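Thanks for making the time this morning. I would like to walk you through one protein model, going slowly enough that you can follow each point on the screen.

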Amino acid sequence: MTAPATGSTATPIARGAARARQDRAMQTRHLAQLEVSTLGLGCMGMSDFYGPHDDSVSTAVIHQALDRGVTFFDTADMYGPHTNEILLGKALGDRRSEVVVATKFGNMRSPEGAFLGVNGKPEYVHAACDASLQRLGIDHIDLYYQHRVDPEVPIEDTVGAMAELVAAGKVRYLGLSEAAPQTIRRAHATYPITALQTEYSLWSRDPEDEILATVRELGIGFVAYSPLGRGFLTGTFATSDALGPQDFRSNHPRFQGENLVANQKIAERVRQIADTVGCTPAQLAIAWLLAQGDDIVPIPGTKRAKYLDENLAAADVELSAEILEQLAAAFPHGSTSGDRYANMSSVNR
């Protein structure tokens, strides 16, 4: 694993040139020994949490991602709930062999969507995996995460059951999501953990405290979800009223009241720096993450074709040492107003 980038020769690119490379293989990175495309596609918003969705449009976006060289697709059994796995499985179809499929278990929801708690019991691990395999329509999961750590079940028991899935050929590699450093160490001692997935972006720099150092010490890859700050860093949110009732961000602390007003200054500064680089704010945010180390794989999500191409083009944006210094100074850890979630009790366990 490499340490964070210290800078590169400035190579600003014009907006018109910052387009995804069609019909060419995207560069790759490694999550431990698992090779994936430099950028993955987060599929959550195609089925849940971010307002209305259209499966036919989302399917077209997944196909477009495949054609652009994306090989890493991220879902979870709770998205929908359950319907996102079905959507992804059907969309991949006969191209399954081209990709790395990652899904998660542990956050239980009713068919109506109510949250029922976190479950890391060994018997549930096996049942959840079988259900995900059926919904996805595949015979194995490439990367299987525990979505949230169950505080009532020793992590050794949960990961031990996940390891049994590997032995049975149902799973290739194991991952954790939003786990604390000590939990990561205990899990990795039970069975090698390939990837940790945690929120990381210019406005969520918490992993820099301990988590990044921990996974790098252990040789674990890092998957950064919400690299665009749940879309906020794109600069498109003037008021929380723009979010519909089905959009969970309408109740998100960082999108509320005084927090929203304060955070808009962050989005504006991202836009200003992006203009100097010659890219969009989204591309700047993703390029910054890519520059933090080649063991980091962002998985920006979108359900729109134009944003997919915009996001993928970020892999071509090179940031100079001067720009990286400007970003570090403009967005120090703790500069964002509001917690990442309304209830933070389920993260960093």
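Predicted model: local features only at pLDDT ≥ 70, side-chain atom pairs only at ≥ 80, totals over all residues.

**Helix by helix through the model**

Let me begin at the end of helix α6, which is followed by Gly-219, a residue whose phi is positive, near 80°. When I speak of helices (H or I, at least four residues) and strands (E, at least two), I mean DSSP runs, numbered from the N terminus. Residues are numbered from 1 along each chain as its sequence is written, and side-chain values use heavy atoms, with hydrogens and water left out.

As for confidence, pLDDT is the predictor's own estimate for each residue, from 0 to 100; the mean for this protein is 89, and 89% of its residues reach 70 or more. Over residues 1–23, however, the pLDDT is below 50, and beyond near neighbours in sequence this stretch has 58 contacts in the model, a contact being heavy atoms within 4.5 Å.

In outline, the protein has 10 helices and 12 strands, and buried residues make up 57% of its 349 residues. Buried here means under 20% relative accessible area, with exposed over 50% and partly exposed in between, using a 1.4 Å probe and protein chains only. Among contacts between residues at least 6 apart in sequence, 77% join residues at least 24 apart.

Returning to α6, which spans residues 211–218, its buried residues are Ile-211, Leu-212, Thr-214, Val-215 and Arg-216. They pack against α5 (181–190) and against the strands β10 (195–199), β11 (221–225) and β12 (296–298).

Which residues of α2 are buried? They are Asn-84, Glu-85, Leu-87, Leu-88, Gly-89, Ala-91 and Leu-92; because 7 of the 10 residues of this helix (residues 83–92) are buried, α2 is largely enclosed by the rest of the structure. Its cover includes α1 (55–67), β4 (72–74), β5 (100–105) and α3 (122–136). The helix is followed by Gly-93, with a positive phi near 50°. In the loop between β4 and α2 lies Pro-81, and the peptide bond that joins Gly-80 to Pro-81 is cis, with omega near -5°.

Now to a helix pair. The axes of α7 (residues 257–277) and α10 (residues 321–330) come within 11 Å and cross at roughly 175°, which means that α7 is roughly antiparallel to α10, a label given to angles over 145 degrees. From α7, Arg-269, Ile-273, Thr-276 and Val-277 meet Ile-323, Gln-326, Leu-327 and Ala-330 of α10.

Cys-279 and Val-317 are 38 residues apart in sequence, yet 7.6 Å apart in space, C-alpha to C-alpha.

Finally, there are two backbone details to check on your screens. Arg-230, in the loop between β11 and α7, has a positive phi near 55° although it is a residue other than glycine, and at 6% relative accessibility it counts as buried. Ala-32, which is not a glycine either, has a positive phi of about 55° and is found in the loop between β1 (28–31) and β2 (34–37).

Conventions
Axes fitted to C-alpha atoms, helices over the stretch in contact; angles between N-to-C directions. Parallel < 35°, antiparallel > 145°, perpendicular 65-115°, else oblique.
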